[in-house]
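Please examine the charged side chains in the structure shown below.

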Amino acid sequence: MCGIVGYIGKRKAVEVILKGLSHLEYRGYDSAGVALMAKDKINIYKAAGKLNNLKEIISKQNEADINTHAGIGHTRWATHGMPSEINAHPHTCNCKSLVIVHNGIIENYKDLKPVLEKKGSKFKSETDTEVAAHLIAYEFEEKKDLLKAVQSAVKKLKGAYAFSVMHKTMPDRIIAARKNAPLIIGVGEGENFIASDIPAVIEYTKKAIYLSDNQVAEIKADSVKIYDENDNLIQNKVECLPFEPVALSKMGYKHYMLKEIHEQPDVVRNILTDKLKNKDAEVVLDDVKLTREQLKKINRIQIIACGTSLHAGLVGKYVIEELAKIPTDVEASSEYIYRNTIADENTLVIGISQSGETADTITAIKQAKAKNSHIAIITNRKDSAMARLADSLLPINAGIEVSVAATKSYIAQLLSLYLLAIYLAENTNKTSSKELSEIKKELLSLPSKLEIILNDTKKVQEISKKYSNSKDFIFIARGINYPSALEGALKLKEISYINATGYPAGELKHGPIAMLDNTMPVLAILNKGTVYDKILSNCEEAKARQARLIGVTNLIDEKHKNLFDDLILIPEISDMVSPALNITVLQLLAYHISEYLGKDVDQPRNLAKSVTVE
């Protein structure tokens with residue numbers, strides 16, 4: 001999934017769509033396409049690679065074919081099926097009368113595909129989206145109405161989708177549908193727009209309707225009709241789009257934090273775009289201004305950060321030492337600045353801050369810079385004070401994060417540290433290319449695996465409700481996921497005000513075990529790997545003290561049945577990359593507990609988004 005733009009009205013549709021898609025390029029994508037409603041037919045143009053490739057193809061077409069007033073477009077990031085022109089959207093049916101663009105993942109497409117093949121469907125692509133195209137087409141044959149066909153088809157789909165659909169026999173309308181994937185309708189005068197995000201339409205209209213889950217809309221140039229999951233016509237509020245980016249709508253989500261959690265797959269895609277093409281390509285970090293000879297001279301790395309960024313740094317330490325074999329220290333900026341700065345020209349100092357304006361970290365960076373250390377900055381703001389101090393800059397490009405509790409910026413920091421660790425390893429030949437290739441492969445799979453978690457949060461919500469009245473909470477993990485335990489505890493503390501603490505699991509018996517009884521929830525992160533059996537033993541120790549155990553794991557094990565009170569399964573992933581999935585579960589847990597408690601999720605008490613004082 002990536003970007004959707006649709007238009008119907010008085011303007012030249014292709015120009016609106018291409019401009020809208022260009023405003024969504026920040027999401028990351030590997031191909032693009034448009035479908036234009038012409039007289040008695042729909043013209044489809046697709047291209048692999050950047051949007052400019054599509055624009056070049058369209059520029060060579062006859063004006064009569066592209067001078068139309070209705071169309072849909074899409075930028076795709078591959079989930080099902082490799083990046084290619086044939087897998088690019090829009091997709092169509094056998095007779096090419098119907099076209100569709102889609103964001104999301106249809107989980108039951110493998111079940112639907114053989115049924116449709118028996119009916120005569122011939123599939124050209126490897127995508128789940130093409131299954132939806134054929135399904136809607138068969139519904140249309142029976143109902144002879146595109147709205148009714150989409151309404152019937154979506155009831156047979158499982159997973160997440162944001163659809164825009166056209167049919168050549170009904171050229172005056174576009175049908176849109178949404179479930180677990182954002183979609184808005186821009187409302188104009190004699191024209192209407194469809195988009196997956198505000199930047200695509202803000203140039204043309206300041207009014208929008210935010211579709212909610214399970215809604216289907218029929219969009220014409222002069223009208224918008226919206227139906228609920230029972231096919232009843234309803235009235236959705238038309239909202240005024242603000243000019244200020246920080247005040248952008250929640251896109252149908254109840255809180256900014258929930259919206260930003262759900263943006264994480266696209267954030268990961270955006271970071272990987274242009275930096276990691278495939279598992280066999282070298283990582284490209286153009287803004288790292290160190291030669292290979294200089295990189296080989298680095299004998300020490302210091303990571304300096306605060307709060308959530310500090311936890312990202314702890315994961316970075318594990319990955320850098322594992323892959324680049326360079327000793328790495330991680331320290332809170334507020335501690336670093338009050339002792340002797342032990343650094344020199346062979347020290348790489350990495351400062352991490354979402355805002356780039358964290359006062360303690362700025363001071364620490366200045367101290368290291370005075371020792372002639374090379375300064376690398378990981379930040380969400382390229383125009384920040386920390387960015388201006390950087391010798392090398394790694395912008396995370398997570399977009400504006402409105403909620404005080406950091407979510408998408410954390411995963412963006414993790415990805416930047418993974419890429420930097422691989423980059424260091426590749427330039428110093430400290431790890432085999434085969435091992436690095438496996439890690440790259442897993443990083444490239446993260447967006448789709450994150451979407452699997454985000455598309456079904458029912459279990460997390462049930463557990464959140466069950467434990468929402470807890471006064472205390474303990475998070476335990478080992479190895480690379482110990483920082484995940486710290487960050488999970490921090491998220492819960494920040495927005496629910498529950499006293500939550502993260503511990504290395506092996507340290508539980510060195511004091512914290514005294515707190516355990518039948519009122520104490522203990523959440524354990526235990527992924528398949530070298531420390532799995534050890535942390536399982538720590539869980540048994542907690543259970544023996546009657547603690548209420550919650551497990552987050554990617555392993556189905558018979559030993560779990562009589563051990564855990566509740567269990568959350570994540571997709572299969574290596575222990576090395578698992579923090580990026582585990583933290584999403586913990587973010588959701590914290591969010592839903594806070595929401596059940598009626599707390600101010602986005603603006604928790606006593607906290608600010610950017611801490612600009614020491």
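E487 is buried, with a relative accessible area of 0%; buried means under 20% relative accessible area, exposed means over 50%, and partly exposed lies in between (1.4 Å probe, protein chains only). K491 likewise counts as buried, at 0% relative accessibility. E487 forms a salt bridge with K491, and their closest N and O atoms are 2.8 Å apart. A salt bridge is a side-chain nitrogen of Lys or Arg within 4 Å of a carboxyl oxygen of Asp or Glu. Both residues belong to helix α17 (residues 482-496), where they are 4 residues apart, about one turn of the helix. Helices (H or I, at least four residues) and strands (E, at least two) are DSSP runs, numbered from the N terminus.

The model is predicted: local features need pLDDT of at least 70 and side-chain atom pairs pLDDT 80 or more, while totals for chains, interfaces and linings use all residues. Residues are numbered from 1 along each chain as its sequence is written, and side-chain values use heavy atoms, without hydrogens and water.

Over the whole structure, a search finds 32 salt bridges. One of them joins R178 and D213, with 2.9 Å between the closest N and O atoms. This pair links distant parts of the chain, 35 residues apart: R178 lies in strand β8 (residues 174-179), and D213 in the loop between β11 (207-210) and β12 (215-220). R178 counts as buried at 4% relative accessibility, whereas D213 counts as partly exposed at 33%.
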